[in-house]
Amino acid sequence: MADQIPDLRRLRHFVSVADAGSVTAAAELLHLSQQALSASIQQLEKQLGAALFHREGRRLRLTRAGEVLLTEGRPLLAAAHTVAARVERAAGGADEVFGIGHTPALSGMEAYKHVERAIIGFPEVSFTFRQFYPDGLVEAVLDGTVHLGLRRGVVPTSAVATAVLGFDRVRLALPREHRLAGKSVVDIGDVAGERIALWAPPGASYYSDFLMGACRRAGFEPDYVVSRVQGAATVAAPLTTDAIAFVTSPAGPAMDGRVVVVDLLPELLVGVQALWQRHTHSAVRDMLLAESRSS
């Protein structure tokens, strides 16, 4: 079994060939001869006891075993890179830095709230928050740019490890002059006929799909507009779209009183999903996940 542990260098060669679709193209990218790269792939196949490619002339197609190795090999290579970087920082005496990425659907304040207990619990660690769009967030987790990603909704994926870190209550943000702005509580059925501001179209965002699904369960097909202002606080959307918006901000006045946030019934909760690089360890992350499971 020990002989079947893949060599990381050969694994990197395999991923490059799988991505490029040919040994010729991958060899050029890796600055290797085609002969050396082909030999490396053959040695990996021999090591694992499995054919990784169907060879059809110069064209390569992954076998079932190759598809499994590609899926599992990417996070393994990413983790190896992260481990090497952490060892280098430790050897150089650098302070530990924990990077947190979050999508625009979570404000920096909301992201802070979900990890505050770790910030307090690890006073020797520096924390850096950065905002990413959903696809960029996954890439940042995979390449080690951030150590923990936070996004709205619960999206199944095999690319990274995930867990639900907590839930936030969804409310309604309205322009101050809106007909519903004087209410303390709005039934979701009263939203029928209103235009709703989204930050990504349905089908491109799990959070948008989640919100549209809540409207459909209430018995109406939602009308929506995608906000032309991206990355700003979600509660600002009514000012730039003339639409209402589902937000997770506290109830009450917002944006200098130009927006009113009201509670929504029936109560709607949206999850905060944590994402991290598989095959890596983090005491900070372990603390957050342990506390989320116990709450």
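This dialogue walks through selected features of a predicted model.

Reader: What should I know before I start?

Author: This is a predicted model, where local features need pLDDT of at least 70, side-chain atom pairs count only at pLDDT 80 or more, and totals for chains, interfaces and linings use all residues. Residues are numbered from 1 along each chain as its sequence is written, and side-chain values use heavy atoms, with hydrogens and water left out.

Reader: How do I read a helix, and which residues of α2 are buried?

Author: Start with the terms. Helices (H or I, at least four residues) and strands (E, at least two) are DSSP runs, numbered from the N terminus. Buried means under 20% relative accessible area, exposed means over 50%, and partly exposed lies in between (1.4 Å probe, protein chains only). Now the case. Helix α2 spans residues 23-30, and its buried residues are V23, A26, A27 and L30. Seen down the axis of α2, they fall within an arc of 100°, so they line one face of the helix. The arc is that of the directions from the helix axis to the C-beta atoms.

Reader: What covers the buried residues of α2, and what sits on the face turned away?

Author: The cover includes α1 (8-20), α3 and β2 (59-62). Contact here means heavy atoms within 4.5 Å. The face turned away from the buried side carries the exposed residues E28 and L29.

Reader: Which peptide bond is cis?

Author: The one from L265 to P266, with omega near -5°. P266 lies in the loop between β13 (259-265) and β14 (269-276).

Reader: How do I read strand pairing, and which strands pair with β13?

Author: Two strands pair if DSSP finds at least two bridges between them. Take β7 (residues 171-175): four bridges join β7 to β13, and the two run antiparallel. There, L172 stands opposite V262. Strand β8 (residues 185-187) pairs with β13 in the parallel sense, over three bridges. The bridge partner of V186 in β13 is L264. Strand β12 (residues 252-254) pairs with β13 in the antiparallel sense, also over three bridges. P253 stands opposite V260. The hairpin of β12 and β13 has four residues between the strands, and M255 takes a positive phi near 50° there.

Reader: Is β13 enclosed or open to the outside?

Author: Six of the seven residues of β13 are buried, so β13 is largely enclosed by the rest of the structure.

Reader: In what order do the strands of the open sheet lie?

Author: The five strands run β4-β3-β5-β14-β6, with mixed pairing. The edge strands are β4 (126-131) and β6 (161-169), each pairing on one side only. Look at β3 (residues 97-102): six bridges join β3 to β4, and they run parallel. G101 stands opposite R130 in β4.

Reader: What counts as a salt bridge, and how many are there?

Author: A salt bridge is a side-chain nitrogen of Lys or Arg within 4 Å of a carboxyl oxygen of Asp or Glu. By this rule the count is 13. One of them joins E45 and R55, at 3.2 Å from N to O. E45 lies in helix α3 (residues 34-48) and R55 in strand β1 (residues 53-56), so the pair ties together parts that are ten residues apart in sequence. E45 is buried, at 11% relative accessibility. R55 is partly exposed, at 44%.

Reader: Where is a salt bridge with an exposed residue?

Author: Look at E221 and R216, which meet at 2.9 Å, N to O. E221 is exposed at 56% relative accessibility, and R216 is partly exposed at 43%. Elsewhere, salt bridges that share partners join E110, K113, R152 and D168 into one network.
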